[in-house]
Amino acid sequence: MTAETRILRLHVNGSDVDVAAPSHWTLLEVVRYRLGLTGTKQGCDKGDCGACTLLVDGRARLSCITLAGDAVGHRVTTIEGLVTKDGLDLLQRTFDEAGALQCGFCQPGMIVAARACLDAKPEATRAEVKEALASNLCRCTGYTKIFEAVEQAVRAGRAAHTNGPASLVGDSAALAGGRR
Amino acid sequence: MSAGKLPADRADPLQHARSPNRTFGPQPPGAQFEVVGKRSRKVDAAGKATGEARYTDDLALPGMLHGKTLRSPHPHARIKRIDTAKAEALPGVLGVVTGAEMPVRFGVIPWTQDETALAVDKVRFIGDPVAAVAAVDEETAQAALRLIEVDYELLTPLFDPAEALARKDVVIHEGNKHGNVTKEVLLEFGDPDGALARSDFVVEDDYEFHGTAHAPIETHVALARYGSDGVLTLWSATQIPHYVHRELARVLDLPAPQIRVIQPHLGGAFGGKSDPFSLEFCAAKLAIKTRRPVKFLYTREEEFYAHRGRHPMQMRFKTGMTKDGRLTAVDSKILIDGGAYSSFGLVTTYYSGQLLTGPHDLPNYRFHSTRVFTNKPPCGPKRGHGSVQPRFALEVQLDRLAEKAGLDPIEVRRRNFQGAYTTTVNGQRVTSNGFDQCLAQVEAASGWKARRGKLGRGKGLGCAGSMYISGTNYCVYPNDMPQAGIQIKVDRSGLVTVFSGASDIGQGSNTVVATIVAEELGLRLEDVRVVAADSDLCPVDLGAYSSRITFMVGNAAIHAARKLRKLVQQAVAEEWGVAPERVALAGGFAFDLEERARVVSSAKAFHLAEAKFETLGATGSYNTPNLGGDYRGGTIGASPAYSFTACVAEVDVDLETGEVRVPHVWTSHDCGRALNPVLVEGQIEGSAYMGFGEVFLESHAVNQYGLTTRPNLLDYTIPTALDCPEFHASIVESLDPEGPYGAKEAGEGPLHPTIPAIANAIHDACGIWLTKLPFTPAKVLAALQAKAKADAASGGTRGGASGGASGGALGGDQGGKR
Amino acid sequence: MLRLEPFAFAKPQTTDEALALLARHGAKAKLIAGGTDLLPNLKHGLYEPEVVIALSDLAELRGVAVNGAGELEIGAMTTLEEVERAALVRARAPGLAQAAAAVAGPTQRTMGTLGGNVCLDTRCVWINQSHFWRQSLGFCLKKDGTVCHVVKGGKSCVAAASNDTATLLVALRARLTIRSAAATREVAIADFYKADGAMNLRLAPDELLTRITVPAPAPQGTWSGYAKLRPRASIDFPRLSVGVAWTTQQDGTFADATVVVSAIAATPRVIAGIGELLRGRRPDDLAALLAAGEKARSVVTPLTNIDGDPQWRRAMVPVFVKRSFLAGARGGA
């Protein structure tokens with residue numbers, strides 16, 4: 001049958017956006033090829049690798065096996081949406097500082113999955129982090145530095161909680177310097 | 001030659017260099033290192049963390065078309081007819097191309113070019129590209145493929161390499177001089193037969209290494225634009241832009257100056273993006289035909305057809321040892337399953353033998369390797385190209401011999417350490433060598449002495465060692481030009497831009513280049529920007545393969561930066577009226593070493609130099625010294641420096657199921673100098689991870705019809721966060737005399753010992769020798785049961801009776817758990 | 001990228017609206033719950049719907065409650081993660097929480113639903129592949145073809161039930177509420193499945209699974225446990241799926257016990273005679289558990305429909321029966 005194109009009202013990274021897309025398009029296709037939010041990656045075509053992970057209502061979701069129409073009425077957050085006027089998300093900074101980014105291709109999905117994990121469990125242990133990231137494949141790192149990055153964010157988050165927001169960069173003070 | 005002593009003829013290891021004035025060496029440019037050796041962040045990491053970094057599929061051009069490839073459903077067939085009329089007539093289709101339009105054969109190795117962009121007369125595996133379509137969207141292109149009619153005459157397919165070798169009636173490449181043999185190498189050094197005959201202990205076994213895939217998370221993707229100026233621009237997820245450039249010119253019959261190849265951010269490669277691929281030619285050809293930009297994005301399944309993964313090898317190894325644990329000889333015969341095309345197979349065939357002559361002193365050696373064509377996706381270079389497979393066999397045999405000699409496996413490797421500054425039996429020049437320290441590190445970190453044999457039932461420790469090249473002086477196309485080049489430009493703002501030909505494939509080569517230039521020019525890392533892998537802008541580099549970039553491009557960067565440094569020092573010195581040696585560059589300043597208060601910013605120093613010497617810039621390059629044995633193939637595998645690795649793995653075998661858990665892998669790697677320890681650790685951890693996956697989980701194979709059995713990331717099971725061991729990486733810095741500040745490779749070497757260390761640990765845990773990869777739980781359990789049977793038959797747990805060698809395990813001439 | 005073939009999309013706001021759409025489109029429609037099974041299969045061309053009907057807005061089909069009879073009632077659209085974490089499920093049917101937690105990976109479980117898992121299509125190494133791949137071997141019995149690549153000369157499809165939760169729900173004798181625009185019916189889950197890999201559900205094209213009812217009278221009235229064989233600790237479908245449920249007598253010995261083995265053939269298989277075998281034995285009597293496992297092994301025949309050596313998978317049956325009992329006795333998810 002021929003494609004049926006519709007206007008979808010999506011809520012992406014804090015804004016409503018109307019986008020025309022065929023009904024059979026996935027959320028991944030719409031964010032990448034209609035909205036130009038190419039931070040969310042395509043890796044396996046069918047929900048096996050996690051590179052396309054983004055957040056829907058704050059929960060991790062595989063956008064390559066989510067129909068765009070199914071996201072209508074929900075809050076979609078992509079990796080780009082983690083950057084606010086206050087700067088990068090803590091995890092975006094700790095992934096950098098810990099050396100978790102090699103080719104970087106799995107990392108947008110990995111970082112948003114980690115964000116969902118820490119939002120639910122700010123004190124996640126390494127075992128819980130491993131469990132939370134187990135839908136996201138990384139081919140470069142062996143995950144070691146990814147775990148370290150999330151743990152670093154847990155520590156920084158704890159410091160912020162104890163000492164107030166001013167210390168958000170406390171644990172990763174070095175992050176504040178350098179190129180940012 | 002004795003360990004650690006510089007032989008007289010190698011007193012200056014640089015004496016062989018073609019440009020002897022470039023004595024870089026391990027020393028810092030200033031009093032101490034300011035940037036090198038620091039745990040700095042990668043120069044491109046922030047953009048990757050935020051999603052800003054643009055990979056090839058993230059690019060879109062106005063009017064861009066989408067390409068799709070029609071592939072052969074038959075493993076071996078002659079094409080009788082192709083009719084594309086109906087596809088061309090489909091609304092939304094703007095172009096169709098077939099093999100007849102691009103008949104020129106290509107391939108990275110000039111003497112084995114046997115691929116065409118699309119099949120011309122034959123298809124040789126299921127998935128071989130046959131035709132390509134460009135349409136307004138992927139759905140339309142896909143629909144058009146179904147309208148292309150192809151008549152095939154089916155031919156007998158060959159899937160088994162032994163059959164391919166034996167059959168003379170079925171030839172996969174007509175015109176190949178040696179039937180289905182793509183390359184055969186027989187090299188002998190010393191007297192292996194005599195030495196084996198004189199050995200106190202000899203083991204001879206068959207080993208099998210299966211096919212494995214790179215499985216980078218980014219699949220192949222290429223975007224081509226043919227401008228009104230007649231310039232073809234290709235953005236491609238390649239790790240060898242220079243070869244793609246050359247082959248595009250040949251295949252498209254387009255003058256090379258009219259072609260620009262750009263490698264954007266790359267989502268993993270591991271060797272899998274080291275050939276030119278069909279989609280690069282098809283995107284380019286269809287862009288020319290349609291005058292519209294064309295993008296091809298391979299599906300995951302297509303990535304498995306394009307393959308070039310690790311070669312399956314069947315290996316017979318015979319190794320001898322003296323009573324006191326000294327290695328006497330190795331004799332190997334290897335059958336290599338090449339798949340449908342040559343790819344880098346000529347090199348693979350040599351590497352399967354040439355890279356085994358360290359870190360253990362091997363006095364007598366023969367290898368006889370034969371690569372054959374089969375009707376399967378072609379094999380090629382994967383991380384640890386050609387040598388991961390035989391290294392598995394050799395390191396397991398070392399443990400078997402250690403057991404016979406009653407020696408500790410680490411002690412055996414220590415006794416056979418070849419030392420630094422020596423020449424191997426096959427004529428390779430070894431410079432710095434920290435393997436003994438690597439062994440000591442993993443021995444200590446794993447608690448080897450205290451814990452081995454005391455971990456309990458089904459648990460064990462195993463070790464292995466290895467060496468790998470830091471680039472090779474074998475240039476795939478003969479020329480006398482440098483292998484690596486760097487160009488530096490200075491802005492009046494103080495920013496330095498480095499133009500590097502190297503492909504950053506995630507390993508961090510842009511960071512390495514920036515680190516070196518910042519160190520030499522006394523800048524902060526953030527004052528250096530790297531522009532890389534763009535044929536219009538950057539000097540030629542041969543590509544990201546053979547672990548060559550840190551060594552070669554790093555040296556080119558030092559070479560360029562030092563020229564510039566000299567100009568800056570001279571200009572500042574004249575301004576101050578002091579000798580140039582007094583001017584130091586560090587931390588974004590130039591200052592007087594004797595009068596510290598006298599200081600200017602780097603930007604100001606650059607202004608002085610620009611005023612004095614005109615527009616500032618510098619080029620630098622690197623070429624290898626003349627290396628290698630004086631025999632045919634002697635340069636293949638000859639490297640200016642070798643890296644060394646030792647590994648200890650801990651296993652926990654589930655005796656009920658045969659499943660093996662690996663709680664820890666300790667890997668210590670001699671990378672010369674760690675220019676950035678975070679990057680080196682990342683390479684060590686990633687290598688160990690990849691080796692671990694190959695041992696248990698990953699298998700690239702075809703079924704009885706020739707169809708790839710697991711062409712997706714659900715069935716081709718790469719390890720998840722929950723499967724991986726804890727990887728413990730440590731670094732040994734042996735400081736190579738020719739490497740940039742003493743650096744050597746780190747990206748491929750550390751994979752090698754992971755696999756045999758795990759195999760040896762399984763033996764330590766439960767007394768079985770596994771010789772056929774992958775170690776599926778079914779195989780492990782079969783071996784455990786065979787051993788139990790043999791033990792029972794001999795009436796004890798230390799039985800010497802030979803059990804059946806079922807499931808890829810050797811019979812029990814070994815005892816049970818100590 | 002692997003693209004979907006075109007279809008229309010509907011997202012009803014009520015169950016009645018969904019049922020009306022189903023009544024209108026029937027076999028030309030496909031329902032999408034979490035999408036983790038449907039979307040890959042659509043991308044592989046296993047279905048060719050004209051319309052896809054999304055159930056995601058049907059809040060009324062979501063949630064876990066206890067009914068008047070003390071049974072667990074779980075809405076079909078409750079996600080697997082919610083099932084895994086629900087205190088009611090963990091207390092009354094811990095094996096179901098274990099089975100839900102064993103499905104795929106964490107992200108798939110935030111998407112996938114219990115109803116979707118119960119209705120998961122059967123799987124086979126020869127079918128869960130692209131159209132090109134299947135075309136290259138001339139397709140197969142399950143779709144578009146006439147031959148079976150697993151059983152030479154086979155005339156009925158042997159694709160395997162691969163849903164972790166179904167194994168356990170069969171062991172717990174769960175019931176399914178199935179609605180159409182015309183009627184509502186309830187069926188024992190064991191009767192919901194039929195031994196045809198091509199279509200193993202007794203579900204009419206206009207019907208919708210709305211609720212799963214689990215007899216779980218009181219905490220620890222019924223014990224249950226789950227064990228799964230798979231290559232990786234995440235993402236993978238089962239290569240062997242074993243669920244057990246049992247009740248105990250006053251002295252703690254078995255009163256009755258059920259063993260269900262799946263990922264073998266088109267339906268989860270209830271192993272006959274386990275109750276008799278185990279009655280009076282203790283749940284920590286490993287020899288008794290292995291004997292139950294041997295009984296299961298003697299009646300199941302793993303095939304090459306699933307990756308992994310069939311002989312070895314068969315040998316693993318007793319081990320995983322034992323481990324299911326041990327997991328149940330241990331409790332927790």
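In this predicted model, D144(C) is partly exposed, with a relative accessible area of 47%. D144(C) forms a salt bridge with R134(C). The closest N and O atoms of this pair are 3.5 Å apart. R134(C), in contrast, counts as buried, at 1% relative accessibility. The two residues belong to separate parts of chain C. R134(C) lies in helix α8, residues 131-136. D144(C) lies in the loop between α8 and α9, the latter spanning residues 164-171. The pair therefore ties together parts that are 10 residues apart in sequence.

Salt bridges also form a network through shared partners. Five residues are joined in this way: R32(A), K41(A), D57(B), D58(B) and K295(B). Over all chains, the structure holds 98 salt bridges.

Two further salt bridges lie within chain B. In one, the side chains of R300(B) and E303(B) meet at 3.1 Å, N to O. Both residues sit in helix α8 of chain B, residues 300-306. They are 3 residues apart there, so about one helical turn separates them. R300(B) is buried, with a relative accessible area of 1%. E303(B) is buried too, with a value of 5%.

In the other, the side chains of D592(B) and R598(B) meet at 3.0 Å, N to O. D592(B) is buried, and its relative accessible area is 0%. R598(B) is partly exposed, at 25%.

The interface of chain A and chain B was examined next. Here 54 residues of chain A are in contact with 54 residues of chain B. The size of an interface is often given as the accessible area lost when the parts come together. Chain A and chain B bury about 4300 Å² between them. Carbon and sulfur atoms account for 54% of that area.

The rule finds 9 salt bridges between chain A and chain B. D96(A) forms a salt bridge with R41(B), and the closest N and O atoms are 4.0 Å apart. Six helices of chain A each give two or more residues to the side that touches chain B. These are α1 (27-34), α2 (90-97), α3 (107-120), α4 (126-132), α5 (144-163) and α6 (173-176). By class, this side of chain A has 24 nonpolar, 15 polar and 15 charged residues.

Strand β10 of chain B covers residues 232-236. Of its 5 residues, 5 are buried, so the strand is largely enclosed by the rest of the structure. Both faces of β10(B) are covered. L232(B), L234(B) and S236(B) are buried on one side. T233(B) and W235(B) are buried on the other.

β10(B) pairs with two strands, described in turn. Strand β9 of chain B, residues 221-226, pairs with β10(B) in the antiparallel sense over 5 bridges. Within this pairing, A222(B) stands opposite S236(B). β9(B) and β10(B) form a hairpin, with 5 residues between them. G230(B) lies in the turn and has a positive phi of about 80°. Strand β11 of chain B, residues 259-262, pairs with β10(B) in the parallel sense over 4 bridges. There, L232(B) has I259(B) in β11(B) as its bridge partner.

Methods. Residues numbered from 1 in each chain as written. Chains lettered and ligands numbered in written order. Predicted model: local features only at pLDDT ≥ 70, side-chain atom pairs only at ≥ 80, totals over all residues. Heavy atoms only, no water. Contact = heavy atoms within 4.5 Å. Buried area = accessible area lost by both parts, 1.4 Å probe. Nonpolar A, V, L, I, M, F, W, Y, C, P; charged D, E, K, R; others polar. Buried < 20%, exposed > 50% of the residue type's maximum accessible area, 1.4 Å probe, protein only. Pairing = 2+ DSSP bridges.
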